[in-house]
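Work through the exercises below with the sequence and the model open. Try each task before reading its solution.

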Amino acid sequence: MGTLQRLIDLRANRIEDLDYWILGRIAEQCDLPTRARYYYAKVEPDQEPGSTYQLAQHRIAILDQRADSSGAPTSDSDSPAK
């Protein structure tokens with residue numbers, strides 16, 4: 001977690017779209033799909049092909065498909081902190 005805090009500090013506490021994308025990928029790797037979806041959803045809309053937004057929407061679709069196929073509800077421990 002210290003690495004993530006340093007990232008935020010370096011950005012003067014301003015998180016950009018790419019940062020949300022990275023946080024989403026980290027959450028996926030930690031098997032936290034609800035948190036990953038939360039971060040991906042924070043990426044600002046941009047319709048340019050290959051934009052961070054388009055990539056985030058693709059990851060959200062994959063997460064939704066996995067949730068639908070597993071039928072398992074997400075855990076409360078996976079919910080992002082408010």
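**Exercise 1.** Is R59 buried or exposed?

Solution. This is a predicted model, in which local features need pLDDT of at least 70 and side-chain atom pairs count only at pLDDT 80 or more, while totals for chains, interfaces and linings use all residues. Residues are numbered from 1 along each chain as its sequence is written, and side-chain values use heavy atoms, with hydrogens and water left out.

Step 1: apply the cut-offs, where buried means under 20% relative accessible area, exposed over 50%, and partly exposed in between (1.4 Å probe, protein chains only).
Step 2: R59 has a relative accessible area of 13%, so R59 is buried.
Step 3: list its contacts (heavy atoms within 4.5 Å). Not counting residues up to four places away in sequence, R59 touches W21, R25, E28, Y40 and R66.

**Exercise 2.** Which residues form the largest nonpolar core?

Solution. Step 1: a nonpolar core is a set of buried Ala, Val, Leu, Ile, Met, Phe, Trp, Tyr and Cys residues joined through side-chain atoms within 4.5 Å.
Step 1: the largest one has twelve residues, namely Y20, W21, L23, A27, A36, Y39, Y40, V43, Y53, A56, I60 and L63.
Step 2: in soluble globular proteins, nonpolar side chains tend to be buried together.

**Exercise 3.** How do α2 and α3 pack?

Solution. Step 1: the two helices pack at an angle of about 170°, and their axes are 8 Å apart. Axes are lines fitted to C-alpha atoms, for helices over the stretch in contact, and angles run from 0 to 180 degrees between N-to-C directions.
Step 1: α2 is therefore roughly antiparallel to α3, a term for angles over 145 degrees.
Step 2: on the α2 side, Y20, W21, L23, G24, R25, A27 and E28 meet R35, A36, Y39 and Y40 of α3.

**Exercise 4.** Where is D31, and is D31 buried or exposed?

Solution. Step 1: D31 is in the loop between α2 and α3.
Step 1: its relative accessible area is 62%, so D31 is exposed.
Step 2: check the backbone; D31 is not a glycine, yet has a positive phi of about 60°.

Definitions and conventions: Helix = DSSP H or I, 4+ residues; strand = E, 2+ residues; numbered from the N terminus. Parallel < 35°, antiparallel > 145°, perpendicular 65-115°, else oblique.
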